[in-house]
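Here is a short note for a colleague who has not worked with this model before. Please read the points with the structure open.

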Amino acid sequence: MDGRNDGFVVDGRPDAYGRYPRGPMARAESSVAVYVHVPWCLQRCPYCDFATEAINPRNIPHEAYADAVVSELEIRARDAVQGPIDTVFFGGGTPSLWSVEALGRVLRAIQSTFSGSPREVTVECNPTSLDEDRAAALEDIGVTRLSLGVQSLRERHLRYLGRLHDAPQAERALRAASSRAALRVTADLMFGMPEQSEDELVEDMRRLVELGAGHLSAYALTIEPATRFGELARKGRLRKLPDDGVAALFEAAERCAESLGLEHYEVSNYATPGQRGLHNEHYWRGDDYVGLGAGAVGCTVRDGRVLRYKNVYDVPSYLEAGARRERPREELEELGSDDRVREGLMLGLRTTEGVSLRALAERIGVDPRVGRERAIEKAVRRGWLTDDGDRLVIPRARWLLADDIVSSIF
Ligand code: SF4
């Protein structure tokens, strides 16, 4: 079965073969998540493999980039999920380098393209480009959440990570963000730097919450091959915390979060009540989403096929396509139902709620349990999964093994 099953059921229940409806009918019930990529940073960090390039802020084509994004929006909206707008996320790169006017213009265009009002509009910011004026201006244009790339409040870890800010600058930016009543604030932390202690990590977490962050994301440092760190690691010249030290930090973060009243609701994410990030939930549920901007990734349906597109990363070429009101150059990958099931399991099983196999089936059109029954039973016997007949959940005590557990049921 290739996963294309258009037309065999119409009422949301599986047919005689256990297959579920998908395609236009399932899509019509969704709400829309839009991601806008801002492809510039002041400097490349040595561990980062995101689609971004270093730029002198004077050279940012603020308005031309906004024009190109708005032009792409018109094209993508035609084959996007039909439904009200739910969340908008400006990520990067460093969206806080983009002028607030240009960003606001794009936000208004998104709002007027889709029905409804977004529940959440997030802008990623670096401490080097967020002060009180910018926080106020972002609040004024309708942004509801700032995501601040703090990474650490220790000078030696910030230097190791090649970050441009220092700890006082991170604290000032966090104060600026949390001084705005309408803005929710989340901060990113990294762990796994050489000689990083549990005390350092938990003290940073406490301090960030004290300064007003209602949500924290804590990511283990991973070494990507196409980065400066990747190159150093290949030459055996990269210092890094051993794996058992990284695991101990993950557990320390979990204990600290609990003592701070933060819910650990996804492997890397912690929230105080009511502060969960809403945009990522679209990814974790395996929903389609619209991606805009140079290097952005999104999902679309063309001729009944679900496709993942990746826009050309070359900014001049992206701007040219925008000026001609054409679709930017893109790489396309067709997502078969099995790819979508894998993705849905991989992302959903990283959350407290786990994955409803029925909801996944309704979205994708095949029963994810079929062919995996024995692997699921085995994982349940080992205590790696719970299974209530619909929902699979990895117990939190096993989250460190999440990737292995997910692989075991592929
Ligand atoms: S600031 Fe963020 S996006 Fe930019 S290079 Fe550093 S880690 Fe990557």
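With which side chain does the side chain of Arg-76 make a polar contact? Point 2 gives the reply.

1. This is a predicted model, in which local features need pLDDT of at least 70 and side-chain atom pairs count only at pLDDT 80 or more, while totals for chains, interfaces and linings use all residues. Residues are numbered from 1 along each chain as its sequence is written, and side-chain values use heavy atoms, with hydrogens and water left out.

2. The partner is Asn-311: its side chain and that of Arg-76 make a polar contact at 2.7 Å. A polar contact is a pair of N or O atoms within 3.5 Å; within protein, one must be able to donate a hydrogen and the other to accept it, and residues adjacent in sequence count only if both atoms are side-chain atoms.

3. Arg-76 belongs to helix 2, residues 62–78. With a relative accessible area of 2%, Arg-76 is buried (under 20%; exposed is over 50%, partly exposed in between, with a 1.4 Å probe and protein chains only).

4. Neighbours within four places in sequence aside, Arg-76 is in contact with residues including Val-290, Gly-291, Leu-292 and Tyr-309 (contact: heavy atoms within 4.5 Å).

5. An open sheet of 9 strands runs in the order 9-10-8-7-6-5-4-1-11, with mixed pairing. Strands are DSSP runs of E, at least two residues, and helices are runs of H or I, at least four, numbered from the N terminus; two strands pair if DSSP finds at least two bridges between them. Strand 9 (263–266) and strand 11 (290–292) stand at the edges with a single partner strand each, so one side of each has no neighbour in the sheet.

6. Strand 9 pairs with strand 10 (residues 269–271) in the antiparallel sense over 3 bridges. Tyr-270 in strand 10 is the bridge partner of His-264.
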